[in-house]
Amino acid sequence: MVKIENNQECFVQLWLMLGRTRRLLRAHYKRFCIRRVLQLWFDGEANEEFIWQVCNLCEQCGWDELPPPQLYPRPHRELLRAIVAARTDISYYRVDLKAIDAAYSIAYPNSTPININKKKRLKS
């Protein structure tokens, strides 16, 4: 497991882990949802309180099926933001969204950037 930090390098690793986790769960015919992601990533630390905290922060239900991260990044961006906030004990609103968006473009270079207006800034 990657050490959770509020920086671009950590977010690149988390984006890539989301893709690998989705493929792993699909291979085992399991639902790709927040609860399963947290249980795989954090093992025993992913207790009900932690799962509830992450779901509450990102305003998503724990058992709801997540779409592929490279095709529908917005719910995953909020999930990563909530995980970082919960693990580092910082405010959800202090998580670096620019770093998350830039990391997404690095992890999935052939996908459309999360915030299209930032695409020009990312390329220069």
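Predicted model: local features only at pLDDT ≥ 70, side-chain atom pairs only at ≥ 80, totals over all residues.

Visitor: Got it. How do the axes of α3 and α4 cross?
Guide: Helix α3 covers residues 48–58 and helix α4 covers residues 73–88; their axes come within 8 Å and cross at roughly 130 degrees. That angle makes α3 oblique to α4. As for handedness, the crossing of α3 and α4 is right-handed.

Visitor: Which residues of α3 and α4 meet there?
Guide: From α3 you have Phe50, Gln53, Val54, Leu57 and Cys58. Across from them, α4 brings Glu78, Leu79, Ala82, Ile83, Ala85, Ala86 and Arg87. Sorted by class, the contact of α3 with α4 has nine nonpolar residues, one polar and two charged.

Visitor: And α1 with α4, what's the crossing like?
Guide: Their axes come within 11 Å, and the crossing angle is roughly 125 degrees. So α1 is oblique to α4. The crossing of α1 and α4 is right-handed.

Visitor: Who makes the contact between α1 and α4?
Guide: On the α1 side, Phe11, Leu14, Trp15 and Leu18. On the α4 side, Pro73, His76, Arg77, Leu79, Leu80 and Val84. By class, the contact of α1 with α4 has eight nonpolar, one polar and one charged residues.

Visitor: I spotted His76 in that list. Buried or exposed?
Guide: His76, which sits in helix α4, is buried, because its relative accessible area is 0% and the cut-off for buried is under 20%.

Visitor: What does His76 touch?
Guide: Leaving out residues up to four places away in sequence, His76 touches Trp15, Leu18, Phe32, Leu66, Pro67, Pro68 and Pro69.

Visitor: Changing topic to cysteines. How many disulfides are there?
Guide: The count comes to zero disulfides. Take Cys10: it is in no disulfide, and the nearest cysteine sulfur, that of Cys58, is 16 Å away.

Visitor: Are Cys10 and Cys55 buried or exposed?
Guide: Cys10 counts as buried, at 4% relative accessibility. Cys55 counts as buried too, at 10% relative accessibility.

Visitor: Where does Cys33 lie?
Guide: Cys33 lies in the loop between α1 (8–27) and α2. With 0% relative accessibility, Cys33 counts as buried. Not counting residues up to four places away in sequence, Cys33 touches Gly62, Trp63, Asp64 and Leu66.

Visitor: How many Å separate the C-alpha atoms of Cys33 and Glu78?
Guide: They are separated by 13 Å, and the two residues are 45 residues apart along the chain.

Visitor: Last one: Arg35, is that buried or exposed?
Guide: Arg35 counts as buried, at 13% relative accessibility. Its place is in helix α2, residues 34–42.

Visitor: And which residues does Arg35 touch?
Guide: Glu48, Ile51, Gly62 and Trp63, not counting residues up to four places away in sequence. Gly62 and Trp63 are among the residues that Cys33 touches as well.

Technical notes: Residues numbered from 1 in each chain as written. Heavy atoms only, no water. Disulfide = S-S within 2.5 Å. Buried < 20%, exposed > 50% of the residue type's maximum accessible area, 1.4 Å probe, protein only. Axes fitted to C-alpha atoms, helices over the stretch in contact; angles between N-to-C directions. Helix = DSSP H or I, 4+ residues; strand = E, 2+ residues; numbered from the N terminus. Parallel < 35°, antiparallel > 145°, perpendicular 65-115°, else oblique. Left-handed = near helix turned anticlockwise from the far one by under 90°. Contact = heavy atoms within 4.5 Å. Nonpolar A, V, L, I, M, F, W, Y, C, P; charged D, E, K, R; others polar.
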